[in-house]
Each structure stands twice: as C-alpha cells, then as structure tokens.
Amino acid sequence: MDPSPIQYERNEYIETDTGNKVSRKSVIHGSQNIILGGKTIIQTECMVRGDLRRQGTGHAVVIAVGKYCLLAQRSIIRPPSKVYKNVFSYYPMKMGDYVHIGENSIVEAASIGSHVQIGKNCVVGRFAIIKDCVQILDNTVIAPNCVIPSFSVYGGSPGLLVDELPECWAQTMEKDAKLYYTNFQAK
C-alpha cells in the first residue's frame, strides 16, 4: 500500500529543471556555492549555508548534495570549520545520494555517504564522516571528528553504536526516497 500524497502549495516551492523542489520559506545563503544533484527536496525553514567558505578568489563548491535527498523542516546544513595555522577556515561538505536529514537537525559533517538517514533533533558535529548505509536515530548527538562505519545504527548522546543495518538497507532507502519524492506533490 502506497502512503498518501504529501501536499504542498504550488507557489510555496520552486521546482528546478533537474526536479529539485526548494521551499520559498527556506533560507539558502551562497546558492552559487551549492550543488544539488537532482530531485532533492529542501523544506520550509531549512537553512543551507553555502556562503560559509574559505576566503580566496573564484567560486568553490561548499556544499554538494546528491540526488533524491531530503532536507526536512528547520534543519541546518553548514560546512565544518576550524582554525588551522592561526587562520579560521570553512571546509567543503559532500553529501551522497538518498540522504534524509530529519526535522530540527544540525549537520556540520565533512562527508555524508549515500543511503543515510539522520533522524529528528540530531546534531552531527564538525568534520564527522558518515559512511554509506547509516541510520542515526532521533535525538542523537554525533561528536566532532567521529567516523561512523557503514551499516551501523547510532543513537544517544553521545552517539554510540546501538545496532547494525541489514544488507538490503541501500535498496530500502532508494525505494523510500523515490516514493517520498513521487508523493511530494503540489495541490
């Protein structure tokens, strides 16, 4: 049984040529430094900080998002930062395909693999590396510089390994992400 359609007002979202759906009520800074892979949904009040980048000439990709990703309501996506040789700098963030970031989550990871589900109210610390096929449960705090291995489930504060995922996780995430995108329809 397919879930019922998720309805939104047509004039509330902008749809790009590649199928990305971006809420007009989201906050996107430095859009020239953000790449969306296609069929990504950025929901209401989500903040994506592409303006936080290294000082220098030219345009640099600050945040790269894969295809069929969901950045849920009130989530904050910003690149990681640190002081190196007495200079404060931001570093790029790469997000794979089929990534779901839950409501009210704050993400400053250096890398998020494909087929990753981050729950609601999570905090992912600076320079965390999340490998492919990972589930982070609701209300989890992932420490800075943490490396989360593939096929793991993390939960708690601080985030610890609580379970392992089945080998079919990638196919499940792809199916769910495509179904959510298909059901996310204008009224």
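Ala, Val, Leu, Ile, Met, Phe, Trp, Tyr, Cys and Pro count as nonpolar, Asp, Glu, Lys and Arg as charged, and the others, Gly among them, as polar. With that in hand, welcome to this predicted model, in which local features need pLDDT of at least 70 and side-chain atom pairs count only at pLDDT 80 or more, while totals for chains, interfaces and linings use all residues. Residues are numbered from 1 along each chain as its sequence is written, and side-chain values use heavy atoms, with hydrogens and water left out.

**The largest pocket**

- By type, the lining holds 10 nonpolar, three polar and two charged residues.
- Helix α1 gives the largest share of this lining, seven residues.

**Helix α1 and Asn183**

- Asn183 belongs to helix α1, residues 169-183; helices (H or I, at least four residues) and strands (E, at least two) are DSSP runs numbered from the N terminus.
- Asn183 is buried at a relative accessible area of 10%, where buried means under 20%, exposed over 50% and partly exposed in between, with a 1.4 Å probe and protein chains only.
- Leaving aside residues up to four places away in sequence, Asn183 touches (heavy atoms within 4.5 Å) Pro3, Ser4, Pro5 and Ile6.

**A hairpin**

- Strands β11 (residues 81-84) and β12 (residues 87-90) pair in the antiparallel sense over four bridges; pairing takes at least two bridges found by DSSP.
- Lys82 has Ser89 in β12 as its bridge partner.
- Two residues sit between these strands, and Lys85 in this hairpin takes a positive phi near 55°.

**Cysteines**

- The whole structure has zero disulfides, a disulfide being a pair of cysteine sulfur atoms within 2.5 Å.
- Cys46 is in no disulfide, and the nearest cysteine sulfur, that of Cys69, is 12 Å away.
- Cys46 is buried at 0% relative accessible area, and Cys69 counts as buried at 2%.

**Arg24**

- Arg24 sits in the loop between β3 (21-23) and β4 (27-29) and is exposed, at 54% relative accessible area.
- Not counting residues up to four places away in sequence, Arg24 touches Asn11, Glu12, Tyr13 and Ile14.
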